[in-house]
Amino acid sequence: MKNILIEPGKEQWAGIISRPQADERELSMVVRKILNDVRQNGDTAVLRYAMQFEGQAPSSLRVTAEEIAAAEHNVDGYLKSAILLAKKNIEIFHKAQQPKKTEKIKTADGVTCWRKNIPIERVGLYIPGGTAPLFSTLLMLGIPATIAGSENIIVCTPPQSDGNVHPAILYIAGLLGLKNIYKAGGAQAIAAMAYGTESIPVVEKIFGPGNKYVTYAKKLASQEGVAIDMLAGPSELAIYADETCMPSFVAADLLSQAEHGIDSQVILIANRADVLETVIFEINSQVETLPRKEIINQNLLNSRFILVEDVSTAFDLLNAYAPEHLTIASRNANKLADLVKNAGSVFLGNYAPESCGDYASGTNHSLPTGGTANTVSGVSVDSFVKKVTFQSLKKKGIKAIGPAVEAMAAAEGLMAHKNAVSIRLKIAEDGL
């Protein structure tokens with residue numbers, strides 16, 4: 001096993017926490033062309049790129065109500081039960097994020113301020129499809145969007161080789177009451193939602209993961225004023241494991257993340273050499289039974305296996321890495337959780353695999369990557385609202401704070417600001 005590090009000094013940390021970087025020159029050239037084409041030619045361009053990249057183009061971009069209704073019969077009962085359980089847990093967790101009420105705060109006599117959540121009206125959800133239909137992502141994005149109250153939810157997802165959207169995606173769309181589903185994938189789908197086409201309405205904010213072309217399209221769209229959830233790169237997992245971990249569990253978790261793709265990254269930090277050695281042994285044993293072992297073995301070349309005996313130092317390194325997913329494989333996980341400062345989502349204890357967060361524990365799996373977890377949060381109900389502040393002033397309110405505003409405005413040389421208060425103070429003082 002390569003990339004084994006023993007008590008690395010802080011001068012080595014920058015290299016440890018670095019992520020694989022994509023060459024943006026080719027991305028920029030390809031994606032800019034697609035975005036400009038879709039902006040100018042609408043549906044025609046979207047369909048042309050579907051034919052170019054996927055080998056076929058749908059006769060109609062919009063999924064019909066009949067297709068959504070029929071999907072229920074094409075999802076087996078066991079998967080339906082699993083989806084319903086995940087839906088229930090995700091709804092429970094995300095409904096709890098809603099504010100109980102709008103609280104009005106009296107900041108001074110006659111001055112009342114409050115903040116109100118107002119839904120973003122038009123949101124676009126990108127759901128990877130085709131050969132890897134991530135129907136769970138529709139649960140993770142569609143549920144908080146509907147809870148937040150977004151009125152117009154647009155879903156773009158590439159069809160399968162038979163020209164149809166994966167039935168599980170359409171089944172979930174039916175469960176959530178989502179009706180505006182479009183057979184569009186790749187950077188062209190992002191462009192369609194950013195600029196609008198004859199079939200696909202323009203949105204105000206775009207959500208969802210995708211390949212490097214999708215991610216770069218979101219980046220360019222955001223530079224033109226379209227809001228996005230985040231720039232999610234390759235998936236990543238860091239694990240802290242001590243002598244109380246279950247090495248076979250730790251190995252399984254690392255492998256589950258490594259199978260995402262060769263550009264994903266896993267990091268293990270162990271407090272003892274025997275823990276590190278046992279986990280590596282388990283990885284080498286388990287990987288032979290997995291169908292994606294070639295991808296996993298390539299992935300492991302980008303990964304790190306690190307011995308750090310001091311707990312505080314280990315978590316300093318983990319916080320510097322700011323992983324998308326962080327697992328604390330220890331019987332003392334709840335106590336060690338207090339050391340976490342930067343992470344997208346944290347999994348505590350030996351029986352908390354990251355896979356559960358991907359699907360059914362209730363938390364959201366749309367999370368920050370690439371070290372951005374030090375400032376960025378995962379998708380939540382808050383992602384689908386803007387928080388608007390209000391203030392109400394009565395006569396006694398302008399009297400209470402008006403003189404202070406006059407003084408501050410005058411000091412900044414903004415006399416029109418001062419006058420907007422002064423004119424009111426005069427009237428209020430005259431008793432009118």
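Me: Which residue stands opposite Glu236 in E10?
Reply: This is a predicted model. Strand E9 covers residues 236–241 and strand E10 covers residues 265–270, and the two run parallel. The residue in E10 facing Glu236 is Gln265.

Me: How many bridges join E9 to E10?
Reply: The two strands run parallel. The number of bridges joining E9 to E10 is six.

Me: Is E9 largely enclosed or open, and how many of its residues are buried?
Reply: Glu236, Ala238 and Tyr240 point one way from E9 and are buried. Leu237, Ile239 and Ala241 point the other way and are buried too. E9 is largely enclosed by the rest of the structure, because the buried count is six of the six residues.

Me: How many nonpolar residues does the contact of H10 with H11 have?
Reply: H10 contributes Pro247, Ser248, Val250, Ala251, Ala252, Leu254 and Leu255. H11 contributes Thr278, Val279, Glu282, Ile283 and Gln286. Three residues are polar and one is charged; the nonpolar count is eight.

Me: How are H16 and H17 oriented to each other?
Reply: H16 covers residues 395–411 and H17 covers residues 415–429. Their axes come within 9 Å and cross at roughly 150 degrees. H16 passes H17 in a left-handed crossing. Angles over 145 degrees count as antiparallel, so the answer for H16 and H17 is roughly antiparallel.

Me: How many charged residues are in the contact of H16 with H17?
Reply: The H16 side includes Lys395, Lys399 and Glu406. The H17 side includes Lys418, Arg424 and Glu429. By class, the contact has nine nonpolar and three polar residues, and the charged count is six.

Me: Is Lys212 buried, exposed or partly exposed?
Reply: Lys212 lies in helix H9, residues 212–223. Its relative accessibility is 43%. Buried needs under 20% and exposed over 50%, so Lys212 counts as partly exposed.

Me: Which residues is Lys212 in contact with, leaving aside its neighbours within four places in sequence?
Reply: Lys212 and Glu24 are 188 residues apart in sequence. Their C-alpha atoms are 9.5 Å apart. With neighbours within four places left aside, the contacts of Lys212 are Glu26 and Leu27.

How values were computed
Residues are numbered from 1 along each chain as its sequence is written. This is a predicted model: local features need pLDDT of at least 70, side-chain atom pairs count only at pLDDT 80 or more; totals for chains, interfaces and linings use all residues. Side-chain values use heavy atoms; hydrogens and water are left out. Helices (H or I, at least four residues) and strands (E, at least two) are DSSP runs, numbered from the N terminus. Buried means under 20% relative accessible area, exposed over 50%, partly exposed in between (1.4 Å probe, protein chains only). Contact means heavy atoms within 4.5 Å. Ala, Val, Leu, Ile, Met, Phe, Trp, Tyr, Cys and Pro count as nonpolar, Asp, Glu, Lys and Arg as charged, and the others, Gly among them, as polar. Axes are lines fitted to C-alpha atoms, for helices over the stretch in contact, and angles run from 0 to 180 degrees between N-to-C directions. Angles under 35 degrees count as roughly parallel, over 145 as roughly antiparallel, 65 to 115 as roughly perpendicular and the rest as oblique. A crossing is left-handed if the near helix is turned anticlockwise from the far one by less than a right angle, and right-handed if clockwise. Two strands pair if DSSP finds at least two bridges between them.
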